[in-house]
Amino acid sequence: MYVRKELISTLEPAITGWMAFEGTDDFSRLTEYNPTFRADARRFEMITLPYQDFVGLTQSLGLLLEIGIRDIAEVTRAAHEPVVKWAQENGVRITSPLDERHRSAILCVAPPKGAEAFHAVKRARIVCSLREGAIRLSPHVYNTVEEMEKVVEVLDDLT
């Protein structure tokens, strides 16, 4: 949280977390409670920071940067191709943008009987969700083109 320095001492938190008080960062003295608010914006914190999550986040960001954002975008877009081609050949509406400027790793395809198609894709052990009648696929760097080809097989079997 950000609070303008000159306002910190004039504002009193309505709700506080245990780390909002002086001395709470010394975990060896937690029973020596000091009811004085910290002098900085930490007095407004209502949670314990998830330090263990910071480690995972740091490692994840390192992996993304090592692989490269552009390479990940290319992999995800290549994974879309079997489904996009199938949809275009079968007159099935794609509800997510395909133009380069707005395209993402998410691909939504709206086959007839969307709910039935969604359940068939799920039964094939393909991770997806149903959004407003469209099957939402979100392949990432760890997904394969073969997995998306399986989506096409399942959808083909329904038509």
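**View 1. Tyr51 and Phe54 share helix α2 in this predicted model.** These two residues sit three positions apart, so about one helical turn separates them. Their rings form an edge-to-face aromatic pair, with 5.9 Å from centre to centre and 85 degrees between the planes. Tyr51 is partly exposed at 44% relative accessible area, and Phe54 is also partly exposed, at 38%.

**View 2. Phe21, Tyr33 and Phe37 come together in one aromatic cluster.** The structure has four aromatic pairs. In the pair of Phe21 and Tyr33, the ring centres are 5.6 Å apart and the planes meet at 55 degrees, so this pair is tilted. Both residues lie in the loop between α1 (5-8) and α2 (51-67), twelve residues apart.

**View 3. Four strands build an open antiparallel sheet.** The strand order is β1-β2-β4-β3. β1 (93-94) and β3 (129-131) are the edge strands; each has a single partner, so one side of each lacks a neighbour in the sheet. Three bridges join β3 to β4 (residues 134-137) in the antiparallel sense, and Ser129 has Arg136 in β4 as its bridge partner.

View 4. Searching the whole structure gives zero disulfides. Both cysteines are buried: Cys108 has a relative accessible area of 12%, and Cys128 has 10%.

Key:
Residues are numbered from 1 along each chain as its sequence is written. This is a predicted model: local features need pLDDT of at least 70, side-chain atom pairs count only at pLDDT 80 or more; totals for chains, interfaces and linings use all residues. Side-chain values use heavy atoms; hydrogens and water are left out. A disulfide is a pair of cysteine sulfur atoms within 2.5 Å. Buried means under 20% relative accessible area, exposed over 50%, partly exposed in between (1.4 Å probe, protein chains only). Two strands pair if DSSP finds at least two bridges between them. Rings of Phe, Tyr and Trp (its six-membered ring) pair if their centres lie within 6.5 Å; planes under 30 degrees apart count as stacked, over 60 as edge-to-face and the rest as tilted.
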